[in-house]
Amino acid sequence: MTAHTHATAPTQFVEAAGIRFAYRRFGEKAGTPLVFLQHFRGGMDNWDPMMTDGLAGGRPVVSVRQRRRCRVHRRDAGDHRGDGRWGGRLHRGLGLGVVDLLGFSIGGCIAQALALRHRELVRRLVLVGTTPRGGELQDRQPDVSTVAGHPESTMEDFLLLFFDPSESSQQAGRAFWDRRHQRRVDVDPPSSMQTALAQRAALTEWAQPRGQRFADLRTITQPTLVVNGNHDIMLPTINSYILSQHLPKAELVIYPDSGHGSLFPYPTLFVHHVSRFLGAEPAFS
């Protein structure tokens with residue numbers, strides 16, 4: 001196992017398809033790497049250290065983030081650049097073999113697109129608080145887009161967007177906010193507005209069905225764990241049910257008293273569920 005953790009892993013860089021990516025790698029040296037794909041405007045320090053360090057106890061983990069030239073091609077906005085090709089190039093640049101993907105929110109959309117385009121490179125999928133292409137967004141809270149578009153996200157923004165309004169969930173949100181600021185050096189900078197606009201365009205395109213609705217899901221044959229909270233106001237929870245209904249090898253976990261960021265109030269339980277699904281015991285119980 002490497003000596004590094006979520007808080008100490010050095011930031012490294014790789015070029016793929018003309019885009020510069022930052023990444024951090026830590027955890028076990030052997031095993032199938034688990035690659036983290038983050039939420040809208042989220043960076044490597046937006047993950048919960050209890051989750052990342054817990055999962056790193058059983059496998060290599062890689063957190064990745066685009067740092068420059070976030071361009072979106074409307075033909076395929078399901079991944080960061082948009083044309084789907086950077087996934088394979090980034091994979092080769094990092095020297096990875098077959099990987100598992102953990103995609104949260106827009107990261108879950110990217111994970112689906114990569115599983116479709118690069119089937120031979122993806123072993124298993126964990127999709128958290130996300131939606132299929134052409135999903136159900138009618139119940140999305142009206143002010144979500146406004147709050148998510150703030151130039152800098154505050155704790156109050158996170159509590160509204162990622163957690164249930166209940167006092168217990170809000171308390172869990174404040175605890176998460178403290179944990180996510182444990183890293184003191186080499187901190188990942190906030191996302192630029194250029195990135196936010198490109199990701200927003202990608203999500204808008206992803207909301208449009210292609211051909212028969214949800215047909216692509218039936219061709220994703222990798223075992224998939226779908227996770228959400230029971231009150232997701234960003235990408236409504238019904239979308240997780242849709243994913244579980246149409247993905248051929250899906251398991252569904254819905255956490256109570258939680259919202260879009262359902263992994264944050266339950267980091268230990270989430271590590272247990274993901275570790276069981278990926279085939280290894282968690283680093284803690």
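Guide: Helices (H or I, at least four residues) and strands (E, at least two) are DSSP runs, numbered from the N terminus. This is a predicted model, in which local features need pLDDT of at least 70 and side-chain atom pairs pLDDT 80 or more, while totals for chains, interfaces and linings use all residues. Residues are numbered from 1 along each chain as its sequence is written, and side-chain values use heavy atoms, without hydrogens and water.

Visitor: Which helix holds I238, and is I238 buried or partly exposed?

Guide: I238 has its place in helix α8, which covers residues 238–246. Buried means under 20% relative accessible area and exposed over 50%, with partly exposed in between (1.4 Å probe, protein chains only). The relative accessible area of I238 is 43%, so I238 is partly exposed.

Visitor: Where is A17, and is A17 buried or exposed?

Guide: Look at the loop between β1 (12–16) and β2 (19–27), where A17 has its place. Its relative accessibility is 13%, so A17 counts as buried.

Visitor: How far apart in space are A17 and L90?

Guide: In sequence, A17 and L90 are 73 residues apart. In space, C-alpha to C-alpha, the distance between A17 and L90 is 7.8 Å.

Visitor: What percentage of contacts join residues at least 24 apart?

Guide: The chain has nine helices and eight strands, and 56% of its 285 residues count as buried. Take its contacts (heavy atoms within 4.5 Å) between residues at least 6 apart in sequence. The share of these that join residues at least 24 apart is 74%.
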